[in-house]
Amino acid sequence: MSSEQYCPFCGSSIKEGDVFCNNCGASLEETPEPTPVATAQQPTDFSYTNTQAVVVTPTKPRDTNIFVYVAIGCGILALILAISPFMSFLAPICAIVSIVCGVIGLSNKLKRNMAIAGLALGITALVLWIVLWILARFFGIRLWW
Ligand SMILES: [Zn+2]
């Protein structure tokens with residue numbers, strides 16, 4: 001704040017902290033300036049918190065939508081990886097990502113069925129990978145590769 005202030009009533013220069021104007025004697029504590037500033041800030045803050053609340057609400061289902069899509073995508077990918085000859089070691093990673101995202105996606109009411117589908121894909125891929133791994137590791141059985 002600059003020390004150069006002016007009386008709102010007569011316009012003469014006043015010192016900061018002066019209670020009364022030296023020229024016209026008006027009370028400087030009740031300057032008309034702070035009052036409109038305070039009332040102007042209130043609706044601005046109010047609308048700001050309003051827009052914040054509006055913005056926050058729709059981002060929550062969008063976030064779980066991403067988890068649902070990741071669950072299905074990783075579930076399909078895990079199934080493909082589980083039966084692929086060289087990349088099968090990546091299948092459990094994809095399957096676990098799919099299962100975790102599917103569980104998170106269950107909270108999404110609109111896409112709950114898709115989350116369950118992603119979860120089922122992930123579990124199926126994990127079980128398939130484990131069965132194929134046991135067959136190959138302990139029995140030397142390789143089904144189609
Ligand atoms: Zn004055």
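**Points on the predicted model**

1. Of the 145 residues in the protein, 21% are buried, a residue being buried if 20 or more other C-beta atoms lie within 10 Å of its own, exposed if 12 or fewer, and partly exposed in between, with C-beta atoms placed from the backbone. This is a predicted model, in which local features need pLDDT of at least 70 and side-chain atom pairs count only at pLDDT 80 or more, while totals for chains, interfaces and linings use all residues. Residues are numbered from 1 along each chain as its sequence is written.

2. The mean pLDDT (the predictor's confidence in each residue, from 0 to 100) is 78, and 72% of the residues reach 70 or more. Helix 1 has the lowest confidence, at a mean of 67, and helix 2 the highest, at 92. Where pLDDT is low, the predicted coordinates should not be read in detail.

3. The protein contains three helices and two strands, in the sequence pattern β-β-α-α-α. These are DSSP runs numbered from the N terminus: H or I of at least four residues for helices, E of at least two for strands.

4. Helix 2 (residues 91-105) has 15 residues and should span 21 Å at 1.5 Å a residue, in agreement with the 20 Å between its end C-alpha atoms; the expected span is 1.5 Å times one less than the number of residues. Its buried residues are A91, C94, A95, S98, I99, C101, G102 and G105.

5. Leaving aside neighbours within four places in sequence, A78 is in contact (C-beta atoms, placed from the backbone, within 7 Å) with A91, C94, A95, S98, G122 and A125.

6. S88 lies in the loop between helix 1 and helix 2. With 19 other C-beta atoms within 10 Å, S88 is partly exposed. Beyond its neighbours within four places in sequence, S88 contacts L81, A82 and W129. The C-alpha atoms of S88 and A78, ten residues apart in sequence, are 8.3 Å apart.

7. P8 is placed in the loop between strand 1 (5-6) and strand 2 (13-14), and counts as partly exposed with 14 C-beta neighbours inside 10 Å.

Technical notes. Two residues are in contact if their C-beta atoms, placed from the backbone, lie within 7 Å.
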